[in-house]
Amino acid sequence: MGVVTAGLDGLAERLKVITGAKNVITDPAELRTYECDGLTYHRATPGVVVLPDGAEQIAEIVRACTAENVPFIARGSGTGLSGGALPRTDGVLIVTSRMRRILEIDVDDERAVVEPGVINLDVSKAARPHGYYYAPDPSSQQICSIGGNVAENSGGAHCLKYGFTVNHVVACEIVTPDGDIVELTEGPGYDLLGAFVGSEGTLGIATKITVRLTRVPEAVETLLAAFTSIEQAGEAVSAIIAAGVVPAAIEMMDALSIEAAEAAVRCEYPAGAGAVLVVELDGPAAEVERQFAQAKELCGDAFEIRVAADDIERALIWRGRKSAFAAVGRISPDYIVQDGVIPRTALPEVLARIDELSGDSGVRVANVFHAGDGNLHPLVLFDDAVPGAGERAELVSAKILDLCIEHGGSITGEHGVGVDKAKHMPRMFTEEDLDTMQMVRCAFDPDGLCNPGKVYPTPRLCGEVPGRRTKVHPLVESGKADLF
Ligand SMILES: Cc1cc2nc3c(=O)[nH]c(=O)nc-3n(C[C@H](O)[C@H](O)[C@H](O)COP(=O)(O)OP(=O)(O)OC[C@H]3O[C@@H](n4cnc5c(N)ncnc54)[C@H](O)[C@@H]3O)c2cc1C
């Protein structure tokens, strides 16, 4: 027999009628399974969890919540890194993990129609026999859901060339915050589909998503370039992009993260490297051959370049890069994962400033990131057992975000604002900007019941420093995901 937060008992009974009793969770121990997403620093036990089986059920659940003025929050796989799916003790958490059907693979129109709980990698697995795949590839793609990807506008190593989730969503059926089922499509009129993608679950719940499929490329070439300094590597990134070469992926690791990867997986990257770049090109064979030669030449300052001769060597090159995040656990007991964006041209300068910040504060920072699109993931290292170390790391982490803003960048590249970075929004936007965004939100959700408390700051949170995440993420540790 479950216990429900006072005031939610009647609603829980109503939800049982809608979805069947076994799909409504009220037991306090079971509710704790859902108390956080991938950002485990923020936790709240949900009032009630419900696992619907379709759009009609979600619409009824939303209407039931609205009728009782109860907040509701969508959750996919719960791998988000900004607390977007953080539940509320006075609210209902709507989990889409029973909605994992791939409804259609339409090769002729190069599309797939999926339910929101479908796992990202499963779309590619279903399309692969037809010579297609789903291009956006977050490192959590073995476990994260397409609904979560849509809400976060997720990216990945290969999104530099192929674009983020928003570039691959053709249509989306949603349940609006007042419980209507509507279809958002590309087409004339206001781009409501564009507004919905990346809205972090605040404008409604995606119940059916039509995504674009991409042809599996004819050729793939990968190189590893080792530089003496991170500035040289940053300059090579800018030179490659400025030359009009668009690699499928261009990823960078600095000396500290190479040291960690070496300790964890013995990737045997060239000794003495201050930074390495992994550059991958794909596409038609003739184009790849020409542009790969160009990219190699633009890495001219590298003291060593290795080219993968086959898929095994390619996997070896990626091994160090893919393990880098988890590997940082080998050289530091705790760390903060930061996610910010800068213009590519600012890479050398911002990286030098991060180095200065690290030197001045004595807080070590390992840099592992999607260099091609300027998406930094600095890992700010500390030992929570040392008094004040966590606070110093948080300060450095916040200053890195300030650097991103100063250089015309953003406080998030792909992990979203969620609850964690809402307090940073006023650093990036004026009050008028934020008010305008609120007007869009209110147009969809006038009662403010759909994932409240996310994305936008409340005065209480303004100026606070970000929360910290400690230890290696459990998904990384279990081998289910790599963090790029
Ligand atoms: C190890 C690791 C590696 C990662 N690597 C990457 C990466 O390379 N790139 C990247 O972009 N992200 C990455 N992430 C972050 C995360 O995986 C993505 O943000 C992902 O899209 C979240 O999907 P999810 O199903 O887990 O969503 P959840 O965490 O469940 O939810 C995320 C947000 O989406 C909303 N939401 C969920 N489902 C719906 C729906 N049906 N309708 C409306 N809103 C909904 C929630 O309310 C919440 O705001 C990584 C995370 C981990 C743990």
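Reader: What do the buried residues of H9 pack against?
Author: This is a predicted model. In it, the buried residues of H9 pack against strand S13 (249–254), strand S14 (275–283), helix H11 (311–327) and strand S18 (365–370).

Reader: Which residues of H9 are buried?
Author: Helix H9 spans residues 255–265. Its buried residues are Leu 256, Ser 257, Ile 258, Ala 260 and Ala 261.

Reader: And what follows H9?
Author: Arg 266 does. Its phi is positive, near 45°.

Reader: Back to S18. Is Val 368 buried or exposed?
Author: Val 368 lies in strand S18. Val 368 is buried, because 26 other C-beta atoms lie within 10 Å. The cut-off for buried is 20 or more.

Reader: What is Val 368 in contact with?
Author: Leave aside neighbours within four places in sequence. Then Val 368 is in contact with Met 253, Ser 257, Ala 324, Phe 325, His 377 and Leu 379. Ser 257 is one of the buried residues of H9.

Reader: How far apart are Val 368 and Glu 110?
Author: In sequence, 258 residues. In space, 34 Å from C-alpha to C-alpha.

Reader: Switching to S12. How many of its residues are buried?
Author: Seven of nine, so strand S12 (residues 219–227) is mostly covered.

Reader: How many bridges join S12 to S14, and in which sense do they run?
Author: Nine bridges, and the two strands run antiparallel. Leu 224 has Val 278 in S14 as its bridge partner.

Reader: What about S12 and S15?
Author: S12 and strand S15 (residues 304–307) pair over four bridges, in the antiparallel sense. Ala 226 is bridged to Glu 304 in S15.

Reader: Ala 225 next. What is in contact with it?
Author: Again, neighbours within four places in sequence are left aside. Ala 225 is in contact with Ala 236, Val 276, Leu 277, Val 279, Cys 299, Ala 302 and Ile 305.

Reader: Which residues of the largest nonpolar core touch the most other members?
Author: Ile 94, Ala 225, Val 237, Val 276, Leu 277 and Val 380. The core has 137 residues. Helix H13 (residues 389–406) gives the largest share, seven residues.

Reader: Why would nonpolar residues gather like that?
Author: In soluble globular proteins, nonpolar side chains tend to be buried together.

Reader: How many bridges join S2 to S4?
Author: Three, and the strands run parallel. S2 covers residues 48–50 and S4 covers residues 92–95. Val 49 has Leu 93 as its bridge partner, and Val 50 stands opposite Ile 94.

Reader: And S3 to S4?
Author: Four bridges, also parallel. Arg 75 stands opposite Val 95.

Reader: Zooming out. Which domains is the protein divided into?
Author: Domain 1 is 9–95, domain 2 is 102–215, and domain 3 is 219–413 + 468–477.

Reader: How far apart are the C-alpha centres of domain 1 and domain 2?
Author: They lie 22 Å apart. The contact takes 14 residues from domain 1 and 21 residues from domain 2.

Reader: What gives the most on the domain 1 side?
Author: H3, with six residues. By class, that side has seven nonpolar, six polar and one charged residues.

Reader: Last one. What is in the hairpin of S8 and S9?
Author: Five residues lie between the strands, and Gly 179 takes a positive phi near 90°. Five bridges join S8 (residues 169–175) to S9 (residues 181–185), running antiparallel. Ile 174 stands opposite Val 182 in S9.

Key: Residues numbered from 1 in each chain as written. Predicted model: local features only at pLDDT ≥ 70, side-chain atom pairs only at ≥ 80, totals over all residues. Pairing = 2+ DSSP bridges. Domains from an automatic or database assignment. Contact = placed C-beta atoms within 7 Å. Nonpolar A, V, L, I, M, F, W, Y, C, P; charged D, E, K, R; others polar. Core = buried A, V, L, I, M, F, W, Y, C linked by C-beta atoms within 7 Å. Buried ≥ 20, exposed ≤ 12 C-beta atoms within 10 Å, placed from the backbone.
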